[in-house]
Amino acid sequence: MGQPDSREEEPPQLPPGQRLQRGWPVTHYGPVPKFRPERWEFRVFGATADGDKHCWTHEEFTSLPYATVVADMHCVTKFSVLGAEWGGVLTRTVLDLAPPAPDVTHVMVWAEYGFSSNMPLADFADERCLFAGHRDGELLTAEHGFPVRLIVPHLYAWKGPKWVRGIEYMTADRRGFWEERGYHNLGDPWREQRYSYQEEPGDGPEL
Ligand SMILES: Nc1nc2c(c(=O)[nH]1)N[C@H]1C(S)=C(S)[C@@H](COP(=O)(O)O)O[C@H]1N2
Ligand SMILES: [Mo]
């Protein structure tokens with residue numbers, strides 16, 4: 001007789017309206033970019049504290065301090081993948097090494113092909129937020145975001161771009177790719193902030 005699966009007995013806590021997804025589906029808009037290490041750089045730009053851009057090559061970025069975070073992934077299309085261990089560079093590390101100017105309120109995370117996602121600086125700076133290159137000890141595959149994807153455990157998964165190429169510090173909010181196309185500006189799964197029509201005054205810039 002096999003051991004009973006404890007996950008079956010005690011269903012893990014899911015945000016409202018989400019269902020548990022086994023395995024790990026691939027979900028994104030557009031093609032999977034080809035990684036070219038010699039052309040890749042991670043850029044920090046916009047309202048930096050010193051007014052300069054900061055750039056890391058792939059080699060430099062992957063030699064930044066490595067951390068792991070266990071986090072769930074909640075897709076706005078209602079499936080959740082639970083309990084992965086993500087490994088990479090904490091957003092806190094990036095904020096320390098290339099700090100924002102004092103009046104920065106929001107961050108735009110930029111990925112290949114112009115994909116982007118915006119969030120308040122406080123969400124980006126969350127201690128569990130990281131630029132992951134690994135999942136469960138293994139390098140990410142191309143379709144899951146190699147070499148770098150952002151993980152924001154407390155927001156819907158579209159707030160975490162795959163194939164990240166940099167961040168922009170902003171002194172006012174601006175909508176990213178999905179936030180301009182019908183998804184909620186804030187995207188908190190526990191408050192079920194799925195669509196922009198649910199936004200309340202102050203939740204985001206006018207559409
Ligand atoms: N660059 C990019 N990143 C993206 C997306 C995208 O369309 N483009 N989709 C997001 C959405 S909606 C989800 S649910 C997750 C899916 O990640 P996965 O394919 O590794 O499961 O990636 C997010 N990151
Ligand atoms: Mo998603």
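How many nonpolar, polar and charged residues does the shell around ligand 1 have, by class? The shell has 13 nonpolar, 4 polar and 2 charged residues, where Ala, Val, Leu, Ile, Met, Phe, Trp, Tyr, Cys and Pro count as nonpolar, Asp, Glu, Lys and Arg as charged, and the others, Gly among them, as polar. This is a predicted model, in which local features need pLDDT of at least 70 and side-chain atom pairs count only at pLDDT 80 or more, while totals for chains, interfaces and linings use all residues. Residues are numbered from 1 along each chain as its sequence is written, chains are lettered from A and ligands numbered from 1 in the order in which they are written, and side-chain values use heavy atoms, with hydrogens and water left out.

- Of the 19 residues around ligand 1 (a heavy atom within 4 Å), P25, Y29, H144, R149 and K162 come nearest.
- Polar contacts (pairs of N or O atoms within 3.5 Å) to oxygen atoms of ligand 1 include one from a polar side-chain atom of W24 at 3.1 Å, one from a backbone N or O atom of P25 at 2.8 Å, and one from a backbone N or O atom of T27 at 2.8 Å.

**Pockets**
- Ligand 1 sits in the largest pocket, meaning that more than half of its atoms lie within 2 Å of the pocket's grid points.
- A pocket is an open set of points on a 1 Å grid over the protein atoms alone, where a 1.4 Å probe fits, with protein on both sides within 12 Å along at least five of seven lines, and its lining residues have an atom within 4 Å of a point.
- The largest pocket is lined by 27 residues, with T27, H28, Y29, F115 and W178 nearest its centre.
- The lining of the second largest pocket, which includes R36 and W40, divides into 7 nonpolar, no polar and 5 charged residues.

Terms used: Polar contact = N/O pair within 3.5 Å; in protein donor to acceptor, adjacent residues only side chain to side chain.
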